[in-house]
Amino acid sequence: MPALKPGSRFTSSVCTTQVIVVKGAGEVDLTCGGAPMLAATAGTAADGGQPADGASGGTLMGKRYVDPDETVEVLCTKPGDGSLGIGGALLDLKDAKPLPASD
Amino acid sequence: MLLEMAADGFGDRVALGPADGGLTYRDLYDSAGAASVRFRSDGSSHVAIADLSSAALPISLFGAAWADLPFVPLNYRLPDGELASLASRISPATVVTDPDSPDRLTGIDGIGLLSRHGLMGLVDGAEPPEPEWDMTGEGTAIELFTSGTTGEPKAAVLRHRHLVSYVLGSVEFMGADEDEAALVSVPPYHVAGIAAILSNVYAGRRIVQLPTFDADDWVALVRAESVTSAMVVPTMLTRIVEVLNAEGPDGPGLPTLRSLSYGGGRMPSPTIQRALELLPTTAFVNAYGLTETSSTVALLGPDEHREAVASADPAIRARLGSAGRPLPTIEVTIRDDLGDKVAVGQPGEIWVRGEQVSGEYRGSAPRLTADGWFPTHDGGWMDADGYLHVTGRIDDVIVKGGQNVSPGGIEEVLVSHPAVADAAAIGLPDSQWGERIIAVVVLHPAASATSDELRDAVRDRLRSNRTPDHVEFVASLPYNDTGKLLRRVLRSDLAHLGDGSTG
């Protein structure tokens, strides 16, 4: 089970989804398409397989996904067919509350 | 990662330049990749740029990141000797140079020069290599030399994780509509210039560059490119307001400008109040941050500006001079000389903590406490509603008769006098009081005011120990081109007004 910290990056083992952690700490059973996600290194890619039924809604680039109490937040850096989850529970799209542009 | 997401998500949108025919995100991505091949093959440890803003800036910024090399924007306005000294500190390096000043950095050991035109030529139409990027975010993204009041400039280090954290914490991916455009007129060697590129690329907002600031040019460019957002430093806004004022109440205004943000120094209240009147439909944002904090850590938003200027409640009005509230991802505390927290409303030093805060310097000790707090060396206080008020660099505090006097309060009073265009308050040695307060004042062209009048104005509004001991009238105040008042230049130029005694 991977240890989460802000900035750490993970890749799906069953689809093309990749994420970066925005919020989170400790060991979290981060999954995509029902299978555990792998720590991303320059060379990691999915080693075949398909997202499981019930976890194949897809993940959208640039969107944020959170657990119910928002202690874990990940942002999708590459889209894919699998859905993100913690263990068996799927993550939800976070409501976007944008800050005014300061740049 | 940020540029790759942009290229994949909206590659055909224009990233830079005119809406019709500018460089797309896909072009920018490909060019950055091609540039990275050149940077790697040079065997450089750093990629630098000593040139005005152009397409070469984002290409070399992202190209350096692609090659996993730190990017160092250099202040091209420094005298040759100082520029050469900074370059030699990052050698071996590839430096992208201004084609109008090609020889400035020749002959320095390990420094390879690549003119802006040379870079643009080699990336044009070139295929990018397969990326092999580090995924930890620990690599150094940027080194920015920050000017201290004494000694050699220090190179502030910002790692990829700091900048990514800042962007992800404050920008929504593809949050910009296709018709939006951001005008960037701050120089590349200001952290705000880098932040602007990263934020706008991630949001999908076209960037329009103004390489050399001139208020008339800025206004014309906003109109010509239908600019919807812009970032300026306070001295730029003062000049822009003068231009708009001169156009009169029936002037065309800036109807496309949906938002205007400012930062990098204290904003004089007459300027911001007039700007709010001249641009009634523009959303104003004050962004406070430092190089070491990856730019913005607190901001005062558009509604807060409008509410403050319209309010009869002095506490709410005072927010117009504040830095606003900390970003949700940032913690701020005010500390005394011993590092202990002060009570709400009490002044002290501003400390910040958060994922985007670095506090690291190359070749110097980091300025971070064991639990990750960064003492900013800025003085300030937090009010009961959580608004952060920044009073100025703690090094600029005047100490008279054993009491700390912040120049900012005195300067605000002076600038609010109708005859005064600009003012600074500095401390000079005084054998009786430690320091004496010198007000340095620039009057409006046809205006007049006496020294006594101005001293009385300060005495009426502030405590008497803040009354300037002397008022010196000058033609202009010294600023650098990121809008920072150069107090040490003033102290040195006016040293004869002190009595030469030491502390």
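Strand E9 (residues 181-184) and strand E10 (residues 206-209) of chain B run parallel and are joined by four bridges. The model is a predicted one. Within this pair, Ala182(B) has Ile207(B) of E10(B) as its bridge partner. The side chains of E9(B) point two ways: Ala181(B) and Leu183(B) to one side, Ala182(B) and Val184(B) to the other. All four are buried. In a regular strand, side chains alternate between the two faces of the sheet.

Further pairing in chain B is antiparallel. Strand E16 (residues 331-335) of chain B pairs with strand E17 (residues 348-353) of chain B in the antiparallel sense, over five bridges.

An open sheet of three strands in chain B has the order E23-E24-E25 and mixed pairing. Its edge strands are E23 (420-430) and E25 (470-473) of chain B, each of which pairs on one side only. Neighbouring strands of the sheet are turned against each other by 25 degrees on average, direction ignored. Helix H13 (residues 407-415) of chain B packs on this sheet and touches E23 and E24 of chain B. The direction of H13(B) makes about 145 degrees with that of E23(B). Strand E24 (residues 434-443) of chain B and E25(B) pair in the parallel sense, with four bridges. One bridge places Ile438(B) with His470(B) of E25(B).

Chain A holds an open sheet of four strands, ordered E6-E5-E10-E11, with antiparallel pairing. Strands E6 (35-36) and E11 (89-90) of chain A stand at the edges with a single partner strand each, so one side of each has no neighbour in the sheet. Strand E10 (residues 84-86) of chain A and E11(A) run antiparallel and are joined by two bridges. Ile86(A) stands opposite Ala89(A) of E11(A).

The largest nonpolar core has 147 residues, of which Leu2(B), Ala48(B), Ala87(B) and Val95(B) touch the most other members. H7(B) supplies the largest share of this core, ten residues. Residues up to four places away in sequence aside, Val95(B) touches Ala48(B), Ile49(B), Ala50(B), Ala87(B), Leu105(B), Ile111(B), Leu113(B) and Leu114(B). In soluble globular proteins, nonpolar side chains tend to be buried together.

Helix H11 (residues 302-310) of chain B has a buried side and an exposed side. Its buried residues are Glu304(B), His305(B) and Ala308(B). These cover an arc of only 105 degrees around the axis, which means that they lie on the same side of H11(B). Asp303(B) and Ala310(B), on the other side of H11(B), are exposed. An α-helix has 3.6 residues a turn, so residues three or four places apart point the same way. The cover over the buried residues of H11(B) includes helix H10 (269-278), E13, E14 and helix H12 (314-317) of chain B.

Ser311(B) is located in the loop between H11 and H12 of chain B. It counts as partly exposed because it has 14 C-beta neighbours inside 10 Å. Neighbours within four places in sequence aside, Ser311(B) is in contact with Ile316(B) and Arg317(B). Val440(B) is 129 residues away from Ser311(B) along the chain, and the two C-alpha atoms are separated by 31 Å.

The interface between the chains involves 35 residues of chain B and 18 residues of chain A. On the chain B side, helices H1 (2-10), H6 (160-170) and H7 (191-203) each supply at least two residues. Strands E11 (229-232), E12 (259-262), E13 (283-290) and E14 (295-300) of chain B also supply at least two residues each. By class, the side of chain B that touches chain A comprises 17 nonpolar, twelve polar and six charged residues.

Technical notes. Residues numbered from 1 in each chain as written. Chains lettered and ligands numbered in written order. Predicted model: local features only at pLDDT ≥ 70, side-chain atom pairs only at ≥ 80, totals over all residues. Contact = placed C-beta atoms within 7 Å. Nonpolar A, V, L, I, M, F, W, Y, C, P; charged D, E, K, R; others polar. Core = buried A, V, L, I, M, F, W, Y, C linked by C-beta atoms within 7 Å. Buried ≥ 20, exposed ≤ 12 C-beta atoms within 10 Å, placed from the backbone. Arc of directions from axis to C-beta. Pairing = 2+ DSSP bridges. Axes fitted to C-alpha atoms, helices over the stretch in contact; angles between N-to-C directions.
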